[in-house]
Amino acid sequence: MTTIDTTAITVELPEALDERWSRLPGIQIDGRRITIDPADYFFRFESSTWLVADWELVKARLLDVEETAESAVEQLALDFIKTHAESTSDAARVLRTAYEVYAYLFRDEHLASLGLPQLTSDHLRMLREAATLMALNKVELDGRISNVGPCWFFPAATSVVFDLDDETGGMLDEVYHGGWFNEHRRIESVKAHAALGGRLVHGCQSVPDQSGGVVAPYGASMAAFRDDLAAFKAGWIKQVYAHRVSDPT
């Protein structure tokens, strides 16, 4: 039987996360230092290895590559992952890589062209922080969801941490999983997520369903993923919401 490493995860990121992440069990914020106790933080933690590729390499060799009629962007990403990604048990490396990925994807320069005047630079910071922590979630090739933390349930987690009302939390969730409603940014997302060893997939089709998302390996069984998610999501979403310190209106 495989023994899972549940040693505390500690990482220093380039910028400090909001201190209110400590409202969730098993996570402490001390400036730029984050400490996560897997036993308390995760609802399910069955794997302490992740697939990652060097972000600097992604920037240099993938972000500017254009797809062609013979090679779609997904194929470019898959080929890059096959060549350059490696398995790591260093969760801190995963979080540092994820921070770079989402600092790139949720950058302020996109705000002017979004057509969402209610979305602010502060909202992008919330997206970057939540998505970075989400990178520790994991789906196996057979579709089983092996790691599930609170950030799987994006609107629930952000409502607890940032005191968001349901409408704002839903707006952020749609921006997060909707590829910013733009094919150009979806292509950016496919390429950038190669650094995290896969593609961003979601169990939901819209905000009210709140089935969350994960960076899944190419080839993972989406049918098994859907069934596994349906079996646990309701109870765990309720547990996340239980940590609200106020009732946003």
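W152 counts as buried because its relative accessibility is 0%, under the 20% cut-off for that class. The model is a predicted one. F225, with a relative accessible area of 2%, is also buried.

A pair of aromatic rings is described by the distance of the centres and the angle of the planes. The whole structure contains eleven aromatic pairs, and the table presents two of them.

| Pair | Distance of centres | Angle of planes | Class |
|---|---|---|---|
| W21 and F162 | 5.6 Å | 85° | edge-to-face |
| W152 and F225 | 6.0 Å | 40° | tilted |

Each pair joins separate parts of the chain. W152 is in the loop between β8 and α6, whereas F225 belongs to helix α9, so their pairing ties together parts 73 residues apart in sequence. W21 lies in the loop between β1 and β2 and F162 in helix α6, 141 residues apart. Both W21 and F162 are buried. Ring pairs also connect W152 and F225 with F43, F153, F232 and W236 in a cluster.

Helix α7 is mostly covered, with nine of its twelve residues buried. The buried residues include M171, L172 and Y176, and their cover includes α5, α6 and β9. At the start of α7, a side-chain oxygen of D165 comes within 3.2 Å of the backbone nitrogen of E167.

Definitions and conventions
Residues numbered from 1 in each chain as written. Predicted model: local features only at pLDDT ≥ 70, side-chain atom pairs only at ≥ 80, totals over all residues. Heavy atoms only, no water. Buried < 20%, exposed > 50% of the residue type's maximum accessible area, 1.4 Å probe, protein only. Helix = DSSP H or I, 4+ residues; strand = E, 2+ residues; numbered from the N terminus. Contact = heavy atoms within 4.5 Å. Polar contact = N/O pair within 3.5 Å; in protein donor to acceptor, adjacent residues only side chain to side chain. Phe/Tyr/Trp six-rings, centres within 6.5 Å; stacked < 30°, edge-to-face > 60°.
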